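Subject: Handover of a structure and its findings

Dear colleague,

Please find below the structure that I am handing over to you.

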2 protein chains.
Amino acid sequence: MNSDFDAMVKRPPTWLDGSGADSEIVMSSRVRVARNVAGHRFSHYCDGEELSDILRTVEEAARGTAVFARNQCIAMGRISTLDRQFLAERHLVSREFLFNSAHRAVMLNALEDTCLMINEEDHLRMQGFAAGFDLERAFQRAAGLGEQLAELDMAFSERFGYLTACPTNLGTGLRVSVLIHLPGLVHSKEINKLLESLRKLNHVIRGLYGEGSEVMGNLFQLSNSATLGTPEDVIVKNLREMVTKVIGFERKARDMLFRKARRLLEDKVWRAYGLLRYARSVSTKEALSLVSAVRLGVGAGLIGDVSVRSLNQLLVYIQPAHLQKLSSANMDAGERDVARAEYIRRTLAGSSV
Amino acid sequence: MNSDFDAMVKRPPTWLDGSGADSEIVMSSRVRVARNVAGHRFSHYCDGEELSDILRTVEEAARGTAVFARNQCIAMGRISTLDRQFLAERHLVSREFLFNSAHRAVMLNALEDTCLMINEEDHLRMQGFAAGFDLERAFQRAAGLGEQLAELDMAFSERFGYLTACPTNLGTGLRVSVLIHLPGLVHSKEINKLLESLRKLNHVIRGLYGEGSEVMGNLFQLSNSATLGTPEDVIVKNLREMVTKVIGFERKARDMLFRKARRLLEDKVWRAYGLLRYARSVSTKEALSLVSAVRLGVGAGLIGDVSVRSLNQLLVYIQPAHLQKLSSANMDAGERDVARAEYIRRTLAGSSV
């Protein structure tokens with residue numbers, strides 16, 4: 001198992017590579033499909049035996065798919081806390097998965113653009129990822145996995161559609177989302193107005209690590225909320241239109257900021273770059289905020305030689321489990337701050353200005 | 001006249017060159033000798049005619065000296081406010097000289113290690129400068145000028161010695177000082193205890209630009225106060241001993257800080273370097289504080305490729321008049337902040353890490 005993790009540490013997920021449309025604003029696109037195996041209770045009502053049955057059934061089916069054919073099934077209960085945290089930092093498993101790990105597993109392909117959580121809130125949570133603003137590709141990956149798992153009999157009602165543990169996922173079980181960088185709207189203080197409108201329009205917006213997570217680095221997850229009574233392609237289309245609008249607002253806010261306060265912003269952007277290039281100790285929160293400023297500068301063409309790809313990778317690799325896996329050592333918070341600063345310096349020096 | 005100033009802008013004073021003993025702590029040494037021409041009232045009692053007489057007499061004598069033979073006498077009333085400020089920033093004239101400029105003048109040699117203010121508080125204020133901790137050389141320069149001006153009949157009393165406008169200068173008219181960088185004692189909060197002791201021992205310690213000036217960048221002027229009843233060589237020797245002690249305290253404080261909080265200090269030093277390397281707008285106060293941190297890092301061997309010389313030059317050249325002379329433009333405070341940041345970036349990039 002460890003060798004797999006070592007390979008993952010060395011190879012960032014493809015959806016971080018900064019390619020794809022509008023990648024200076026939209027970091028990545030993600031689609032999640034929730035399904036449950038017919039004839040079983042939902043995960044949180046199951047005892048260990050039933051969870052174990054479900055896991056066996058789903059894993060067997062998944063091993064038969066093209067996408068997972070050559071990949072292992074990672075049993076969450078058999079890996080270390082650090083490895084579980086590592087998977088969560090890569091967005092492969094949810095935070096809830098970390099604590100309730102018995103009879104839970106995750107499967108993923110080598111590109112890390114497709115993955116399957118087994119026995120999370122629902123029996124199956126299929127995820128597709130894509131770089132930049134590319135909901136279609138992310139959808140194809142998640143839906144494609146669903147098609148390959150057609151042999152499984154999924155819980156379905158003629159009246160409601162696919163049945164899910166939480167009613168908000170009822171119908172299509174579909175959640176379509178983007179990870180989007182909105183420093184323009186945050187700095188211009190327009191963000192709260194936008195959040196309000198999005199909520200009224202049945203969209204959900206939250207911080208980098210899902211529900212209840214703090215907004216750091218001006219990074220937001222924007223997703224649909226209703227999944228009942230709307231066909232899948234319409235859900236994707238609606239979110240695409242909404243994200244297109246938000247990208248437009250963000251561009252406008254950035255233009256305005258640079259017109260009104262160019263000197264101040266240039267200074268802010270370059271100071272952030274200078275600190276990342278030379279600091280010897282940086283907390284996650286500060287790092288995210290500095291990376292956000294540099295990302296804004298790269299987007300505005302102020303900083304030429306830093307790639308969006310390296311900034312994306314920083315966002316994942318500066319986290320506690322990644323830093324510890326990188327250095328193969330357990331580190332306390334102070335040591336991580338030092339390792340984080342070192343990793344950032346190394347990454348940015350690779351694409352120096 | 002302007003061509004002289006242009007040459008000065010391009011060529012930093014030799015006493016900034018970072019040579020000399022203990023130059024990572026003592027930036028420069030300075031000796032000032034106050035004299036008055038016999039048979040005239042002190043400057044502040046003189047009308048324009050008498051000041052003019054004194055100026056003529058002193059200037060004529062000074063033109064006869066080897067050190068000033070080929071240099072012009074800069075009439076303070078005939079140069080712009082900006083040029084006057086420029087001279088003050090180079091420590092060649094006092095701040096008081098800026099406002100009361102009629103019948104006042106300054107002479108200096110090309111190396112800027114010897115200068116003479118005429119009609120400041122006293123008729124003659126002879127100054128000698130040296131890089132690093134080198135009171136003897138600074139003394140030789142000031143005293144040497146005095147010897148070359150021996151033809152002038154100086155106001156002298158058998159009882160008091162040389163007569164000066166302010167009784168604190170009575171006797172030898174000698175002020176011996178160093179510009180000393182004490183970040184260790186400031187950070188360890190030992191500085192106030194030291195200042196107290198120095199005052200009790202009849203030494204004066206103050207900020208970068210003389211009496212009443214704010215302490216910025218952890219730079220202090222440390223000088224003798226009594227000049228009456230003590231022979232010149234004893235005054236120099238006393239200050240040398242005192243400065244040697246202060247250097248010892250500072251080294252000890254730095255060692256202690258690096259032992260106790262190495263990680264924190266390294267981070268502080270490198271962050272300061274990063275900001276100086278990349279900021280697009282910096283105030284004088286912030287710049288002095290950042291340069292102070294980098295200087296500490298260079299002294300501790302943390303930062304290898306930045307010379308003490310370039311840091312010394314920054315301290316003088318980031319000031320308002322220097323920035324405006326450098327770019328041949330009048331600039332408001334905001335524009336100066338931008339020009340300052342640019343000058344600092346250029347200077348440090350020249351000795352990049």
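**The interface of chain A and chain B**

Across the interface of chain A and chain B, the rule finds two salt bridges, a salt bridge being a side-chain nitrogen of Lys or Arg within 4 Å of a carboxyl oxygen of Asp or Glu. The model is a predicted one, in which local features need pLDDT of at least 70 and side-chain atom pairs count only at pLDDT 80 or more, while totals for chains, interfaces and linings use all residues. Residues are numbered from 1 along each chain as its sequence is written, chains are lettered from A and ligands numbered from 1 in the order in which they are written, and side-chain values use heavy atoms, with hydrogens and water left out.

Arg271(B) forms a salt bridge with Glu286(A), with 2.8 Å between the closest N and O atoms.

On the side of chain A that touches chain B, α8(A) gives the most, with ten residues. Helices here are DSSP runs (H or I, at least four residues), as are strands (E, at least two), numbered from the N terminus. By class, this side of chain A has eight nonpolar, three polar and eight charged residues; Ala, Val, Leu, Ile, Met, Phe, Trp, Tyr, Cys and Pro count as nonpolar, Asp, Glu, Lys and Arg as charged, and the others, Gly among them, as polar.

The contact (heavy atoms within 4.5 Å) takes 19 residues from chain A and 19 residues from chain B.

**Two helices of chain B**

Helix α9 of chain B, residues 308-317, is mostly covered, with nine of its ten residues buried. Buried means under 20% relative accessible area, exposed over 50%, and partly exposed in between (1.4 Å probe, protein chains only).

Helix α11 of chain B (residues 333-349) has 17 residues. Its buried residues include Asp337(B), Tyr343(B) and Leu348(B), and what covers the buried residues of α11(B) includes α9 of chain B. At the N-terminal end, Asp332(B) caps α11(B), a side-chain oxygen lying 3.1 Å from the backbone nitrogen of Gly334(B).

**Positive phi values**

Most residues other than glycine have a negative phi. Ser328(B), in the loop between α10 and α11 of chain B, has a positive phi near 50° and is exposed, at 67% relative accessible area. His103(B) has a positive phi near 60° and is partly exposed, at 32%.

**Salt bridges within the chains**

Over all chains, the structure holds 42 salt bridges. One of them joins Arg141(A) and Asp113(A), whose closest N and O atoms are 3.3 Å apart. This pair links distant parts of the chain, 28 residues apart. Arg141(A) is partly exposed at 25% relative accessibility, whereas Asp113(A) is buried at 7%.

In chain B, the side chains of Arg254(B) and Glu250(B) meet in a salt bridge of 2.6 Å, N to O. The two residues are separated by about one helical turn because they are four residues apart in helix α7 of chain B. Arg254(B) is buried at 8% relative accessibility, and Glu250(B) is buried at 0%.

Yours sincerely

Key:
Expected span 1.5 Å × (residues − 1). Polar contact = N/O pair within 3.5 Å; in protein donor to acceptor, adjacent residues only side chain to side chain.
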